[in-house]
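Here's a quick tour of a model, taken one neighbourhood at a time. Have the viewer open and follow along.

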Amino acid sequence: MTTTTQTRPLDPDALMSFVFRAVEEVGAALNAALVVMGDELGYYRSLAEHGASTPHELADRTGTDAHYAREWLNAQAAGSYVEYDGATGRYLLPPEQVVAFTDPDSPAYLCGLFQIAHGTIRDTPSIVAAARSGDGVGWHEHNADVHVGCERFFAPSYQAHLVAEWLPACDGVVAKLTAGGRVADVGCGHGASTVLMAQAFPGSRFVGSDYHRASIETARERASDAGLTNTEFVTEPAQAVDGAGFDLVTTFDCLHDMGDPVGAARHIRGLLGDDGTWMIVEPAAGDRVEDNLNPVGRAYYGFSTLLCTPTSLAQDVGLALGTQAGPARIRDVVTAGGFSRFRLVAQTPFNNVFEVRP
């Protein structure tokens, strides 16, 4: 029996349309490095402070070479990141881009997103090797731009939403923390979430944990710089955090990275008191692939392939939920871990927030 596969004829116009789209994407890939460059050299900050500038003016103010400033500005203008005035030869950073590239307190701040993308791309050779062997690549094996960029990307959103919206959306949590509760921030990374909560609720006690020792060292520095006395940080994986009777356990953008999220859920169930709450913050995602075929989903699937899935596969069990796990898969994990109540309580363009109760 012979079968044939029918395909439509080649459309030359569609082919060239795709080629030009691909060229645009190559420019976008290179632009990740250019944004990191502009951030590190102070180009964006200088343009924001001084307004429309020539390449020589930008170079003089930032102590850099004018040739590099000229080509960087032209690349930014070609991508509509800056505006070019041919009559004056000056380049202007629009007010929207001023916020996106110079205001780290804004949830629209993008430098961290480009930094983590740039760092992730640089580690591609190790991911290619792991894809061939089926091994993983641990979070600790990535370069510092991945770790620092991750904090810089997520921290502004936490600052904008965590205390003002996400914690109040969970039943009774704010009252417990105001009265003086106990909180475990599991997978805390550099401690941005822990520090924010500890500042907002000085009467509560907070312990942040992460298996990555260098991140915990940074978290301790962050807490010390903030003058906090109600925090401690420990180098432990999720399944090894000590204690019981916590009022709140939090996991910020890390459950999908864990090798054994079900095991972590069981352990967190043991950490919580009978009336405790587990607040899970995960990347925004729908349950079906087609729900995530959009710009945010595309970026997250990219991070999932090159960063999050390899991180999970490098650990015991290696469940590899993926960055776009979706609410249904998260519900399955927490249910298997011994929880009975699960609900979506908040959303942003980049995150889903879940309240989980015993």
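## A glutamine and its neighbours

Let's start with glutamine 115, which touches Val36, Asp145, Val148, Gly149 and Arg152, leaving aside residues up to four places away in sequence; contact here means heavy atoms within 4.5 Å. Glutamine 115 sits in helix α6 (residues 111-122), where helices are DSSP runs of H or I with at least four residues, strands are E runs of at least two, and both are numbered from the N terminus. With a relative accessible area of 8%, glutamine 115 is buried. The cut-offs are under 20% for buried and over 50% for exposed, with partly exposed in between (1.4 Å probe, protein chains only).

Some ground rules: this is a predicted model, so local features need pLDDT of at least 70 and side-chain atom pairs count only at pLDDT 80 or more, while totals for chains, interfaces and linings use all residues. Residues are numbered from 1 along each chain as its sequence is written, and side-chain values use heavy atoms, with hydrogens and water left out.

## The sheet

Now for the strands. They form an open sheet of seven with mixed pairing, in the order β5-β4-β3-β6-β7-β9-β8; two strands pair if DSSP finds at least two bridges between them. At the edges are β5 (231-235) and β8 (341-347), each pairing on one side only. From one strand to the next, the twist averages 20°.

Zoom in on β6 (residues 246-252), which runs parallel to β7 (residues 272-283) and is joined to it by six bridges. Across that pairing, threonine 250 stands opposite methionine 279 in β7. Helix α12 packs on the sheet and touches β6 and β7, its direction making about 140° with that of β7. Strand β3 (residues 182-186) is also parallel to β6, with four bridges between them, and here valine 186 stands opposite threonine 251 in β6. As for cover, six of the seven residues of β6 are buried.

## Where α12 meets α14

Helix α12 (residues 261-271) has a helix partner too. Its axis and that of α14 (residues 326-336) come within 7 Å and cross at roughly 50°. Axes are lines fitted to C-alpha atoms, for helices over the stretch in contact, and angles run from 0 to 180 degrees between N-to-C directions. The pair is therefore oblique: under 35 degrees would be roughly parallel, over 145 roughly antiparallel, 65 to 115 roughly perpendicular, and the rest is oblique.

Which residues in α12 and α14 meet? Pro261, Val262, Ala265 and Arg266 come from α12, and they meet Val333, Val334 and Ala336 in α14. The contact residues divide into six nonpolar, no polar and one charged. In this scheme, Ala, Val, Leu, Ile, Met, Phe, Trp, Tyr, Cys and Pro are nonpolar, Asp, Glu, Lys and Arg are charged, and the others, Gly among them, are polar.

## Two loop residues with positive phi

Serine 80 isn't a glycine, yet its phi is positive, near 65°. You'll find serine 80 in the loop between α4 (66-78) and β1 (83-85), and at 55% relative accessibility it counts as exposed.

Valine 317 is another non-glycine with a positive phi, about 75°. Its place is the loop between α13 (295-313) and α14, and valine 317 counts as exposed at 62% relative accessibility.
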